[in-house]
Amino acid sequence: MSAATRRLTTAQALVRFLAAQYTERDGVRHRLVAGTWGIFGHGNVAGVGQALVEYGDVMPFHQGRSEQAMVHAAVGHARHLNRLSAQAVTTSIGPGATNLVTGAALATVNRLPVLLLPGDYFASHAADPLLQQLEHPSEADVSVNDALRPVSRYFDRISRPEALLASAPRAMRVLADPAETGAVTLALPQDVQAEAFDWPEEFFADRVWRVRRPAPDPEELADAVRALRAARRPLIVAGGGVHHGEAEAALEALVDATGIPVASTQAGKGSLRHDHPADLGGIGHTGTAVADDLARTADLVIGVGTRYSDFTTASGTLFQDPGVRFLNLNITAFDAHKLAARTLVCDARAGLTALTGALSGHRVPLSYEDEYRAGRARWEETVRAALRADDENAVPTQTQVLGALDAVVGDEDVVINAAGSLPGDLHKLWRSRSPRQYHLEYGYSCMGYEIPAALGVQQAAPGVPVWALVGDGTYLMNPTEIVTAVQEELPVKLVLVQNHGYASIGGLSESVGAERFGTDYRHRAADGSFTGAPLPVDLAANAASLGMDVLRAKTVRELREALSTARAATRPTCVYVETVAGDAPGAQAWWDVPVAEVSARDAATGARARYEQAVADRRHHL
């Protein structure tokens, strides 16, 4: 007797398969692919598009406006749900597919799952060359989708229907594996999408992918405990893995038992509440003075779920104690072995819980606790001064914008940012009240991430106030998903800060001798110099034209009132504010941006001298 089969097209079979996939961790089950974003064109409208119509009852669909933005939205969704649920993104062939590359890189850099389903050329070559096809003179099987290979954790081109039987489960395994996850690409030739096949019925059965919590190896654990007991000035660096592993309570238990202080990366901020006595705030180039001062004298650095980007290590100049060593707790061996560290390759929660038990009775010296608590108190005064506005009727600075928002948000609110000058201010100054509140994409620091990511987070957390903080430069990169927010009735809140240019890169340009060239949004004179007059661009009107409710605020008082109104709004709402320059706390540690070795301009030669002085402090930690 033959096994039961179901005759469907390849695209129909894929949608049905995806609807039956689940993750499970700690007994809680989630849809692995919770929905599909799409922009239709030739290459997916008749295949995946038709399948999504056919099976709309089991696969929610979200209409995007920009392919890159759809990936950002899916990534925001996955991050907020601790990588236990993902979304798919379908595009046409050609430019629709290549527009995925930036979003795919962002997902993979940040170790966040997203499923990409770009259309592809005819597998049969029946229509060749096809509209938008890139013809390669010596490799006929190459398509533009191959640009997705280096930024994907798994890639396959489904050239025959039955290939999906093997490839689709492999793709799901990578999406659900916390040590391997990132962008997953299944390129779908448009003729194969529409081709019918007799699919085994078991292909459509519910399948659960259990997300493991691997325990630490006993010998690695014993070695780690010895190192911790011997350390006099240990420092924990909390990365995004603390959040992904839902290990915040385990981290707090370890800290309460031992007194070890915690500094956080951009991805790890909020691992402890801002008012915990051992929370030092951000670390590295955009970190706090107290965190960076302790990092310079730490004799043992315990990295938990961090990949040690150059911002975290201050380009190798931060950890300066002559005998400093590293202990890295990470679910990914690739990251655990960085900086010649002792390793604890395991789940963050499992590893931290094991360390707490094994360190019973151990505590750092009281003098060390007194030192970092005094440093915390000094930095808190810096934070208060930066966020405070003495004149309620004045035009706010950017840090006063953060102060106004700080006064309005609740513990459950989510604040999203990715690029510009805001990440530095937020890392130093934001007071994280809960693990999910601080959502900074700083692995790829992609301009244009914030607005679409807010949509993905809002889908993951209905009823939660979600704020996208963007500057004028970032807004101009990718405002299109405002239309999707309006269409799907997602009440995201946009704080649009107008400072007439690239403030962060402008400052960096000045510091490296490039004299802020090409960073202002202002009129130019005939000789190429800036006249200083802002361009007659009204970004608030633009947001309104895309369907948002817009509140304009000119003073600190008006800003606070507008933010309160926006928080209560049930429609997508923008708070637009123009800022003036302020005295935000400067960088507390260096960052390596190479400066021209020779130049005829004084700005560049001076910057080079400062660069050579700073780079001399770099260590390789071998």
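The paragraphs below treat the sheet, the salt bridges, the cavities and a pocket in turn.

The model is predicted: local features need pLDDT of at least 70, side-chain atom pairs count only at pLDDT 80 or more, and totals for chains, interfaces and linings use all residues. Residues are numbered from 1 along each chain as its sequence is written, and side-chain values use heavy atoms, with hydrogens and water left out.

The sheet comes first. Strands of a sheet pair through backbone hydrogen bonds, either parallel or antiparallel. Here, six strands form an open sheet in the order E19-E18-E20-E21-E25-E24, and their pairing is parallel. Strands are DSSP runs of E with at least two residues, helices are runs of H or I with at least four, and both are numbered from the N terminus; two strands pair if DSSP finds at least two bridges between them. At the edges lie strand E19 (438-440) and strand E24 (549-553), each of which pairs on one side only. From one strand to the next, the twist averages 20°, where axes are lines fitted to C-alpha atoms and angles run from 0 to 180 degrees between N-to-C directions. Within this order, strand E21 (residues 493-498) and strand E25 (residues 573-578) pair in the parallel sense over six bridges.

The salt bridges follow. Side chains of opposite charge can pair when their charged atoms come close. The whole structure contains 42 salt bridges, each defined as a side-chain nitrogen of Lys or Arg within 4 Å of a carboxyl oxygen of Asp or Glu. In one of them, Asp335 pairs with Arg111, with the closest N and O atoms 3.0 Å apart. This pair links distant parts of the chain, since Asp335 belongs to helix H13 (residues 333-336) and Arg111 to the loop between helix H5 (101-109) and strand E7 (114-120), 224 residues apart. Asp335 counts as buried because its relative accessibility is 4%; buried means under 20% relative accessible area, exposed over 50%, and partly exposed in between, with a 1.4 Å probe and protein chains only. Asp335 also forms a salt bridge with Lys338, whose closest N and O atoms are 2.8 Å apart. Lys338 is partly exposed, with a relative accessible area of 22%. Shared partners also join Arg273, Asp275, Glu380, Glu381, Arg384, Asp406, Asp411, Arg431 and Arg433 into one network of salt bridges.

A further salt bridge connects Glu246 with Arg213, the closest N and O atoms being 3.7 Å apart. Glu246 lies in the loop between helix H9 (240-244) and helix H10 (248-258), and Arg213 in the loop between strand E11 (207-210) and helix H8 (218-230), so the pair ties together parts that are 33 residues apart in sequence. Glu246 counts as partly exposed, at 27% relative accessibility.

Rolling a probe the size of a water molecule over the atoms shows where empty space is left. On a 1 Å grid over the protein atoms alone, a cavity is a set of points where a 1.4 Å probe fits but cannot get out, whereas a pocket is an open set with protein on both sides within 12 Å along at least five of seven lines; lining residues have an atom within 4 Å of a point. The structure holds three cavities of 30 Å³ or more. The largest cavity has a volume of about 580 Å³, a volume being the space filled by probe spheres set on the grid points. Its lining has 40 residues, and the closest to its centre are Gly240, Gly241, Ala267, Gly305 and Thr306. H9 gives the largest share of this lining, four residues. Ala267 is placed in the loop between strand E13 (262-264) and E14, and is partly exposed, with a relative accessible area of 29%.

The second largest cavity holds about 60 Å³ of space. Among the residues that line the second largest cavity are Arg25, Asp177 and His244.

The second largest pocket has a volume of about 300 Å³. Of its 21 lining residues, His274, Asp279, Arg376, Trp379 and Glu380 are the closest to its centre. Strand E14 (279-282), helix H15 (366-387) and helix H17 (422-429) each supply at least two residues of this lining, and H15 gives the most, with five residues.
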